[in-house]
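Here is a brief report on side-chain contacts and model confidence. Please look over the sequence and structure first.

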Amino acid sequence: MLIQTGLGKTTFSKETISKFVSMAIDMTDGLVLSSTYIGSITRKLTGNTAGIELREHDKGIDIHISIIVQYGMRLHEVCRDLQYKVKDVLEDFTGIIINAIHLKIDGIAV
C-alpha cells in the first residue's frame, strides 16, 4: 500500500498491514481464536496471514477478515466493534484510507 505526500512516498507491505489488523482483532472481545494465533501457525507453513485478505484500490484498501465468534455474544456488536477497531488502528498508525472492512463469520465456538 502506497501513500504519496509532498515529501515523498511511504510504502506499507501487506504483512505490516495484516499485523495491525491482527492487533485490532486481539483487542476485540468475543472472538475465540485471534488471528495472531491462527496466523502464527499459517505464517510458519505458508508465509501468509490466515483469515486476513487485503485488496488494494486507487484510493485505499478493502479488508476481508474471517473470524470465529464466542457463543452467546451478539454477533452484530462483535462485528461492529471489530470494524471500528480495525479502522481506528490502521488510520491512526498508518494513515491508510479504508474503503471497506468485510467480515466473514467462519464459526461459533461453544
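Is Asp106 buried, partly exposed or exposed? Asp106 is partly exposed, at 46% relative accessible area. Buried means under 20% relative accessible area, exposed over 50%, and partly exposed in between (1.4 Å probe, protein chains only).

This is a predicted model; local features need pLDDT of at least 70, side-chain atom pairs count only at pLDDT 80 or more, and totals for chains, interfaces and linings use all residues. Residues are numbered from 1 along each chain as its sequence is written, and side-chain values use heavy atoms, with hydrogens and water left out.

**Confidence.** The average pLDDT (the predictor's confidence in each residue, from 0 to 100) is 81. A score of at least 70 is reached by 79% of the residues. Helix 3 has the highest mean, 93, and helix 2 (residues 35–46) the lowest, 49. Helices (H or I, at least four residues) are DSSP runs, numbered from the N terminus.

**Salt bridges.** The whole structure has five salt bridges. Each needs a side-chain nitrogen of Lys or Arg within 4 Å of a carboxyl oxygen of Asp or Glu. Among them are these:

| Pair | N to O distance |
|---|---|
| Arg55 and Glu53 | 2.8 Å |
| Asp81 and Lys85 | 3.4 Å |
| Asp106 and Lys104 | 3.5 Å |

Lys104 is exposed, at 51%. Asp81 and Lys85 sit four residues apart in helix 3, so about one helical turn separates them.

**Aromatic pair.** There is one aromatic pair. Phe20 and Phe93 are stacked, 5.3 Å centre to centre with 20° between the planes. Rings of Phe, Tyr and Trp (its six-membered ring) pair if their centres lie within 6.5 Å; planes under 30 degrees apart count as stacked, over 60 as edge-to-face and the rest as tilted. Phe20 lies in helix 1 (residues 14–26) and Phe93 in helix 3 (residues 75–94), so the pair ties together parts 73 residues apart in sequence. Phe20 is buried at 17%, whereas Phe93 is exposed at 53%.

Conventions. Helices (H or I, at least four residues) and strands (E, at least two) are DSSP runs, numbered from the N terminus.
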